[in-house]
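Q: I'm new to this one. Can you take me through a few spots in it?

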Amino acid sequence: MNIIQWNIDGFYKRNIDIQRLISNHKPNIIYFQETNLKHSQSCHIKNYNGYFKNRINPGRASGGVAIFIKDNIENNEIILNTHLEAIEMSAKLNNKNFCICNIYLPDSTPFT
């Protein structure tokens, strides 16, 4: 299994780099932090299912996380009850079940 994690600091401004990364490394799963999408916005990567937790920030796109999983991998989103920018997925690959979580904690986020 090939997993890539990247604090991307803006999904759309890194689109060419994302395509190059996928072409060179062929990841099964990609985690992004700081996607910088507006609250109701999402994005697409060909042959991947995308899941998002965007920051609620009226008028400004910032923060947020995303998980992209190859569309041939069985997966389900696990709903988290949290104010944090976090998403969790269950997936099955090569007859093995696993859970993955992506969380972004900005410096200003209180966390205990």
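Q: Which polar atom lies 2.7 Å from the backbone nitrogen of N2?
A: One in the side chain of N28. Keep in mind that this is a predicted model.

Q: Where is N28, then?
A: N28 sits in a loop, with α1 (15-25) on one side and β2 (29-33) on the other.

Q: And what is N28 in contact with, leaving aside its neighbours within four places in sequence?
A: N2 again, along with M1, Y48, F68, I69, K70, I73 and L93.

Q: Switching topic. What volume does the largest pocket have?
A: About 190 Å³.

Q: Which residues line the largest pocket?
A: The lining consists of H39, K53, N54, R55, I56, H83, L84, E85, Y104, P106 and T109.

Q: How do the residues of that lining divide into nonpolar, polar and charged?
A: Four are nonpolar, four are polar and three are charged.

Q: Now I78. Where is its place?
A: I78 belongs to strand β5, which covers residues 74-78.

Q: Why does I78 count as partly exposed?
A: Because its relative accessibility is 28%, and partly exposed covers what lies between buried, under 20%, and exposed, over 50%.

Q: What does I78 touch, not counting residues up to four places away in sequence?
A: I78 touches E88, M89, S90 and C99.

Q: And what separates the C-alpha atoms of I78 and C101?
A: A distance of 9.3 Å, with the two residues 23 apart along the chain.

Definitions and conventions: Residues numbered from 1 in each chain as written. Predicted model: local features only at pLDDT ≥ 70, side-chain atom pairs only at ≥ 80, totals over all residues. Heavy atoms only, no water. Helix = DSSP H or I, 4+ residues; strand = E, 2+ residues; numbered from the N terminus. Polar contact = N/O pair within 3.5 Å; in protein donor to acceptor, adjacent residues only side chain to side chain. Contact = heavy atoms within 4.5 Å. 1 Å grid on protein atoms, 1.4 Å probe; cavity = no way out; pocket = protein on both sides within 12 Å on 5 of 7 lines; lining within 4 Å. Points joined across faces, edges and corners; volume = space filled by probe spheres on them. Nonpolar A, V, L, I, M, F, W, Y, C, P; charged D, E, K, R; others polar. Buried < 20%, exposed > 50% of the residue type's maximum accessible area, 1.4 Å probe, protein only.
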